[in-house]
Amino acid sequence: MTLPLTIQAKSGPARQARIHTAHGDVETPAFMPCGTAGSVKAVPQDILEDLGSGNLGAQIILGNTYHLYLRPGHELVRNLGGLHKFMSWERALLTDSGGFQVFSLSELRKVSEEGVSFRSHLDGTSHLFTPERSMEIQIALGADIVMAFDECTEHPAEKERTRQSMELTLRWAKRSKEYFEKHKNECPWVESGHREIGGSGDRENQDQEAEVSESAIPECHRAQPGAAAVHDSFAVHESFLPELPTLSAKNAGRMGYPNHESPTTPALFGIVQGGMYTDLRRESAERTIEIGFPGYAIGGLSVGESREKTREMIAATLEMLPKDQPRYVMGVGYPEEIVQYAAMGVDMMDCVLPTRAARHGLLFTSEGRMNIKNARYAQDQLPPDPKCNCRVCGRYTRAYLRHLFVSQEPLAAVLNTIHNLAFYLDTMRSVRHAIELGDLSGMLRGSVSLA
RNA sequence: GCACAGGUGACCGAGUGGUUAAUGGUAGCAGACUGUAAAUCUGCCGCUCUUCGGAGCUACGGAGGUUCGAAUCCUCCCCUGUGCA
């Protein structure tokens with residue numbers, strides 16, 4: 001089954017851009033693998049760095065405040081030089097605020113104006129998260145992009161309840177920003193004057209440099225509907241992708257990247273809530289923008305609502321968000337979904353799906369979904385996805401991957417995850433390419449289909 | 001040969017007169033997974049039909065028997081393990 005075409009215009013509102021961080025650039029639209037507890041489960045950092053076609057690899061991954069706070073503890077991470085150093089990841093990092101855990105650990109928590117008190121799922125001890133605390137932890141971890149502390153409204157939720165939740169998130173957003181602005185210089189790599197990123201620098205267009213903000217982000221080009229505009233905006237990137245040098249752990253972030261004035265402090269993103277009510281979504285967006293952030297996330301989605309609802313909420317919110325700043329939809333989605341959202345003008349997305357599904361034996365391929373544990377692959381000599389260029393598809397057969405999975409070999413999780421992430425990253429790479437060419441319609445229609 | 005202990009669905013293993021097609025595991029088959037309490041969870045798993053409510057067969061080593069009713073009690077036989085000759 002193919003997704004209904006929702007974006008008819010060539011590249012429509014889709015944008016291709018580049019986000020600058022102190023730890024390298026991020027080409028958008030981007031998919032960001034989840035590295036919750038300081039690890040993208042089952043995949044070593046050096047492999048993350050050259051995942052997918054062209055060895056561009058993951059340019060940014062997520063970490064999680066809640067998990068890293070509980071174990072090993074944010075102070076420990078700070079003392080060891082911050083999360084980048086701790087986990088040997090020199091590229092960009094985004095940390096989630098712990099807001100989502102407030103939602104997913106619902107039986108163990110209690111929400112108040114002050115914040116959220118909760119019991120650790122590890123040992124039952126009591127803890128309190130407040131916006132200030134979340135900022136303190138994320139700054140200690142040293143993320144390049146820090147997320148405001150929010151409440152992910154449960155679904156379904158009555159309108160009044162949703163409004164109250166939204167209001168709480170807005171008040172928390174304000175508090176998050178206040179604390180963040182005061183303390184962002186305490187981030188470990190700021191202290192050590194992290195300026196080693198950036199190399200030759202002659203490839204980047206001067207006009208764009210002028211737009212670079214001191215505070216991560218910034219330069220987000222809007223691709224107007226219409227090929228000319230798109231081409232104009234992205235002319236500078238014409239040969240960017242193919243020419244990006246392969247990055248290794250050693251030189252990541254040091255070579256190949258244009259010499260921007262790298263941000264010297266982390267950036268804080270606001271989060272739009274509002275449940276499944278478009279008017280609340282709009283209001284949440286407006287009021288979050290009033291507070292003022294260098295980027296905006298759309299949270300509270302993929303919590304059980306229909307895909308049509310998700311799309312509707314994203315569309316309603318995107319209308320309100322600044323066109324020249326990053327927009328990040330949190331927690332999505334399937335390959336066909338991230339393509340669609342990118343086409344709608346979303347710049348960043350993250351999701352546990354490719355990694356978790358991989359560990360459960362579900363592979364995403366150009367043909368749809370493949371449950372590699374199925375008996376029918378027992379003697380299948382083909383690679384998981386014959387059209388995929390990843391190192392797994394280039395080397396192993398379905399029969400072997402099925403054997404590994406059935407035998408519960410840890411390598412099954414490793415290889416499956418590598419493939420899925422490569423597939424996701426390649427999907428986004430293709431989306432960027434399509435935007436560059438000014439025509440996304442082919443991607444929306446064809447390559448990604450529902451199984 | 002004698003003495004004990006046993007023989008339960010693909011395997012291991014509960015059950016020792018009645019909601020028993022038979023608890024649990026394992027293996028097998030399939031499904032789910034969306035800011036990660038997830039290498040997790042769910043369903044199916046004797047055979048044949050089914051209007052998906054169910055219906056009918058065949059089953060606890062084999063053959064008889066007791067009983068309204070037996071995987072469960074009795075008899076004989078077969079087989080396995082341990083010990084003694």
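Helices (H or I, at least four residues) and strands (E, at least two) are DSSP runs, numbered from the N terminus. This is a predicted model, in which local features need pLDDT of at least 70, side-chain atom pairs count only at pLDDT 80 or more, and totals for chains, interfaces and linings use all residues. Residues are numbered from 1 along each chain as its sequence is written, while chains are lettered from A and ligands numbered from 1 in the order in which they are written.

**Overall make-up**

- Chain A has 18 helices and 15 strands.
- Of its 451 residues, 52% count as buried. A residue is buried if 20 or more other C-beta atoms lie within 10 Å of its own, exposed if 12 or fewer, and partly exposed in between, with C-beta atoms placed from the backbone.
- Among contacts in chain A with a separation of 6 or more, 75% join residues 24 or more positions apart. Two residues are in contact if their C-beta atoms, placed from the backbone, lie within 7 Å.

**Nonpolar core**

- The largest nonpolar core has 116 residues. Such a core is a set of buried Ala, Val, Leu, Ile, Met, Phe, Trp, Tyr and Cys residues joined through C-beta atoms within 7 Å.
- Helix α17 (residues 410-437) gives the largest share of this core, 13 residues.
- F269, V329 and M349 have the most contacts inside the core.
- Leaving aside neighbours within four places in sequence, V329 touches I298, L301, I314, Y341, V346 and M349.
- In soluble globular proteins, nonpolar side chains tend to be buried together.

**α16 against α17**

- R398, Y400, L401, R402, L404 and F405 are buried in α16. The buried residues of α16 pack against α17.
- The axes of α16 and α17 come within 7 Å and cross at roughly 135°. Axes are lines fitted to C-alpha atoms, for helices over the stretch in contact, and angles run from 0 to 180 degrees between N-to-C directions.
- The two helices are therefore oblique to each other. Angles under 35 degrees count as roughly parallel, over 145 as roughly antiparallel, 65 to 115 as roughly perpendicular and the rest as oblique.
- α16 passes α17 in a left-handed crossing. A crossing is left-handed if the near helix is turned anticlockwise from the far one by less than a right angle, and right-handed if clockwise.
- L401, L404 and F405 in α16 meet L411, A412, L415 and N416 in α17. By class, this contact has six nonpolar, one polar and no charged residues. Ala, Val, Leu, Ile, Met, Phe, Trp, Tyr, Cys and Pro count as nonpolar, Asp, Glu, Lys and Arg as charged, and the others, Gly among them, as polar.

**α6 against α7**

- Helix α6 (residues 131-141) packs on helix α7 (residues 159-183) at an angle of about 40°. Their axes are 8 Å apart.
- α6 and α7 are therefore oblique to each other. The crossing of α6 past α7 is right-handed.
- From α6, P131, E132, S134, M135, E136 and I139 take part. They meet W172, R175, S176, Y179, F180 and H183 in α7.
- The residues of this contact divide into six nonpolar, three polar and three charged.

**Positive phi outside glycine**

- Q408 lies in the loop between α16 (398-406) and α17. Q408 is exposed, with 8 other C-beta atoms within 10 Å.
- S88 also has a positive phi, near 55°, in a residue other than glycine. S88 sits in the loop between α4 (83-86) and β5 (92-96).
- S88 is exposed, with 11 other C-beta atoms within 10 Å.

**Cis peptide bonds**

- The bond from R71 to P72 is cis, with omega near 10°. P72 is in the loop between α2 (65-70) and α3 (74-79).
- The bond from H155 to P156 is cis, with omega near 0°. P156 is in the loop between β9 (145-147) and α7.

- N185 is in the loop between α7 and α8 (188-191).
- With 12 C-beta neighbours inside 10 Å, N185 counts as exposed.
- Leaving aside neighbours within four places in sequence, N185 is in contact with V190 and T265.
- N185 and K159 are 26 residues apart along the chain, and their C-alpha atoms are separated by 39 Å.
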